[in-house]
Amino acid sequence: MSQGPRSGLYAVSSALLAMSRHLEVRDVLKTIVASARELLGAEYAALGVPDDHGGFAQFVVDGVSDEQWKAIGPLPRQHGVLAAMLREARTERLADVREDPRFEGWPDAHPDMSDFLGLPIRDGDEIIGALFLANKGHGTPQDGCGFTEGDVELLTILAQHAAIALTNARLYERSRELTIAEERSRLAHELHDAVSQKLFSLRLTAQAAAALVDRDPGRAKGELHQVAVLAAEAADELRAAVVELRPAALDEDGLVATLRTQIQVLDRAHAARVTFTSRGVRALPAAQEEALLRVSQEALHNALRHSGAGRVDVTLLRRGQGAVLTVTDDGGGFEPEAIRSAGRHLGLVSMRDRASGAGGTLTVESAPGKGTTIEMEVPGG
């Protein structure tokens, strides 16, 4: 508000519009935190959604790097000032949170914080979350706190609309969960029918091959070839069904954490070194996050199974309002002129379809003996 009412109104309006663009709960949480931090000029911001066991079901931060967040360790519990806010449902504006008698300390890796502003997010009588901001970057008023009463008013407005956005997102996700459950049931039936037929044919063909091995090796060889074809078709049916299901980890942990976990598993499971780097990526629309995850999975599968790579590097970086994913390997590569056949073999057509379906672009660079780089960019929301 220090820049005048018109500027403050524009900032609030921008924050509310940003929240209204998202329907996924985690997207809404990230947008609320980023908007609050930018709106009030704070160095750090966080939003916690309490659970029923003294902890937080979700805790989203802005202003803390991925490395810092990982080093901090487990999510905070409902204690100290945080507990007071949730229990008493009141705003806390402190000149130095460390001097408050309720302060209980934080992990060694936690950023140093002084002035503090915390405000509950309420839906009627229920507290559904709490916003925390620290280290305002403007001048300090006479009472010693960088956050002013005007900041409290702005954050109160934001919190009221955040409650609406968060409640709507929860209702949307519940509706979506019901739709997903119905879709999974349908896919399960389709998958059962399709794969059962393939496996039945595969079993009969294998039996025929076994009966022909001694008296007609030539025909037996043909039957065994058919076994291989049927097995490949069954695997394709399985894969086609599985990739249509949105991974639960995306909703629970977000894109960066999901990618990091999957890549850590791949690094342990394969001889090749697999690394992951992320910087500055904010919440993206759900369709874009899912497309980035699927493309990364396909590219990693190609690099680890087909390219003979000794090292695969994955990066996910912020670019404007969106993000760019890069998967680079030092494997065998392929001729650019053979891109069409390679596209069929390596799933490049599917990756391009996923990228374009999410409003993004996909580029592929490769040469024999010089590895492959796959880059996908999405515009954000």
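How many cavities of 30 Å³ or more does the structure hold? The answer is one, and the legends below visit it along with other parts of this predicted model.

**View 1. The largest cavity and its lining.** About 40 Å³ of space lies inside this cavity. Its lining is made up of K30, L255, V256, V281, R282, A283, L284 and E289. Sorted by class, five of these residues are nonpolar, none is polar and three are charged.

View 2. Several elements each give at least two residues to the lining: the strands β1 (42-50), β2 (56-62) and β5 (126-136), together with the helices α3 (66-72) and α4 (80-88). By class, the lining counts 23 nonpolar residues, four polar ones and three charged ones.

**View 3. Helix α2 from end to end.** This helix covers residues 25-40, and its 16 residues should span 22 Å at 1.5 Å a residue; the C-alpha atoms at its ends are 23 Å apart, which agrees. Is α2 mostly covered or mostly uncovered? Mostly covered, with 13 of the 16 residues buried.

**View 4. F59 and W69, a stacked pair.** The model has four aromatic pairs. In this one, the ring centres of F59 and W69 are 6.2 Å apart and the planes meet at 5°, so the pair is stacked. Because F59 belongs to strand β2 and W69 to helix α3, the pair ties together parts that are ten residues apart in sequence. F59 has a relative accessibility of 12%, so this residue counts as buried. W69, at 28% relative accessible area, is partly exposed.

**View 5. F116 and F132, another stacked pair.** The rings of F116 and F132 are 6.5 Å apart, centre to centre, with 20° between their planes. F116 sits in strand β4 (residues 116-123) and F132 in strand β5, so this pair joins parts that are 16 residues apart in sequence. Both F116 and F132 are buried.

**View 6. The aromatic cluster.** Which residues do ring pairs link into a cluster? They are F56, F59, W69, F116 and F132.

Methods: Residues are numbered from 1 along each chain as its sequence is written. This is a predicted model: local features need pLDDT of at least 70, side-chain atom pairs count only at pLDDT 80 or more; totals for chains, interfaces and linings use all residues. Side-chain values use heavy atoms; hydrogens and water are left out. Helices (H or I, at least four residues) and strands (E, at least two) are DSSP runs, numbered from the N terminus. Ala, Val, Leu, Ile, Met, Phe, Trp, Tyr, Cys and Pro count as nonpolar, Asp, Glu, Lys and Arg as charged, and the others, Gly among them, as polar. The expected span of a helix is 1.5 Å times one less than its number of residues. Buried means under 20% relative accessible area, exposed over 50%, partly exposed in between (1.4 Å probe, protein chains only). On a 1 Å grid over the protein atoms alone, a cavity is a set of points where a 1.4 Å probe fits but cannot get out, and a pocket is an open set with protein on both sides within 12 Å along at least five of seven lines; lining residues have an atom within 4 Å of a point. Grid points are joined across faces, edges and corners, and a volume is the space filled by probe spheres set on the points. Rings of Phe, Tyr and Trp (its six-membered ring) pair if their centres lie within 6.5 Å; planes under 30 degrees apart count as stacked, over 60 as edge-to-face and the rest as tilted.
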